[in-house]
Amino acid sequence: MHILIIGNGFDIAHGLPTRYSDFITNVQNDPEFYQYVLRNEASTKLFNRVRQSKIFEYMCSKLCNNNDWIDFENELMEIVDSVCDMPSLFKRYTYRENKSVVSKLLLDSDKIHESSPFIYRILMGIGTLKRYWSNSELLDLEQDIHRQIQDFIDLFKEYILWITQYKLDRINSIKMFQDMKIDYLLSFNYTTTFVKLYNKNQQLIPENICYVHGKIDEQTNTGIVMGIGSDFYDESKHEKYVDFFKFFQCYQYATSNDYLNWIKKYESWDFDGAEGGETDILTDCTVSIYGHSLDPTDRNILKPFLDMDRITINIYYLNKDSKTQLEHNILKILGKDLFTKYMTGAKSKIQFKQIIN
């Protein structure tokens, strides 16, 4: 039994521009992608809204400051956190006007310098600083930011569909995956790269393929899981933005969790009752993880695989730096005790394997 888990590094290894940085750069500069969105009026309007949005402007600035690298999920978490904290920058100001009592929100000019870079950009980027706000104006701003985030995600879906339609046919397969016998595939990617390149004989049946964050192709028009890690959700704070958290997106878009059935099937095998060669067959089970950063935001999906008994887990890494980051992330997922249990000793079940090009 061999389970392959792939992340965005799998698509990148095949030369596909699927990084968030690729997306931002191509929205800025790629005439080919622009011509693609021009074919549809709704897509054109969406493209223009994103290009003119504060969210996109902010992401471009982060990309420029971080050497063409951006962690969208963490940036989104900071944006949502700061928007939810925005009311704390205001204090109530009540006064009499024409025999009536009027109450407004007064922006505390001292606190604005303590706000996040995104909120500072929003509040200071309109020229003269607006000091007095009504409740409805503040609500409109919150809703506008919500729309900008959703537009960003929707245009990313268009971008991945463009890659699927115009880039997949130009890439070459990698020998490592040509030679790999796979029984189950769990993909964190939105593309169907593996299936198109390595499943032409359909040895992998649909029931054994799980797009855990949704997939994007010509036949699919559903939402995708592209948001903030579920562990960061605070119900007392984030309610207005719950639809940008992964656990809610999984519910909202009914993404597949069929991988749990694979684990249950494996755990139901009778290891103790097996005899002779049967024991070797049952214990010859491997989970290979390729191109996934092991980011703790995906802990709820990855940990059940890491906790499986009588199994070998191979984690593929590119270089020394990437291995170090993977080790740090897996420590965050497992905690100190399980990290020590699973990764130390002569027969540790988690092994690191360097990718050889």
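Q: Which strands does helix 14 lie across?
A: In this predicted model, helix 14 (residues 299-306) lies across strand 1 (2-6), strand 5, strand 7 (286-290), strand 8 (312-317) and strand 9, and its direction is at about 155 degrees to strand 1.

Q: And helix 15, what does that one lie across?
A: Helix 15, which covers residues 320-343, lies across strand 8 and strand 9, running at about 165 degrees to strand 9.

Q: In what order do the six strands of the open sheet come?
A: The order is 6-5-1-7-8-9, with parallel pairing, and from one strand to the next the twist averages 15 degrees.

Q: Which strands stand at the edges?
A: Strand 6 (209-211) and strand 9 (350-354) do; each has a single partner strand, so one side of each is left without a neighbour in the sheet.

Q: How many bridges join strand 5 and strand 6?
A: Strand 5 (residues 184-187) pairs with strand 6 in the parallel sense over three bridges, and the bridge partner of leucine 186 is cysteine 210 in strand 6.

Q: Switching to rings, how many aromatic pairs are there in the whole structure?
A: A search finds 35 aromatic pairs. One of them joins phenylalanine 10 and phenylalanine 177, whose ring centres are 5.0 Å apart and whose planes stand at 80 degrees, so this pair is edge-to-face.

Q: Where in the chain are phenylalanine 10 and phenylalanine 177?
A: Phenylalanine 10 is in helix 1 (residues 8-13) and phenylalanine 177 in helix 9 (residues 175-178), so the pair links distant parts of the chain, 167 residues apart.

Q: Is phenylalanine 10 buried or exposed?
A: Phenylalanine 10 counts as buried at 0% relative accessibility, and phenylalanine 177 counts as buried at 2%.

Note on methods. Residues numbered from 1 in each chain as written. Predicted model: local features only at pLDDT ≥ 70, side-chain atom pairs only at ≥ 80, totals over all residues. Heavy atoms only, no water. Phe/Tyr/Trp six-rings, centres within 6.5 Å; stacked < 30°, edge-to-face > 60°. Helix = DSSP H or I, 4+ residues; strand = E, 2+ residues; numbered from the N terminus. Buried < 20%, exposed > 50% of the residue type's maximum accessible area, 1.4 Å probe, protein only. Pairing = 2+ DSSP bridges. Axes fitted to C-alpha atoms, helices over the stretch in contact; angles between N-to-C directions. Contact = heavy atoms within 4.5 Å.
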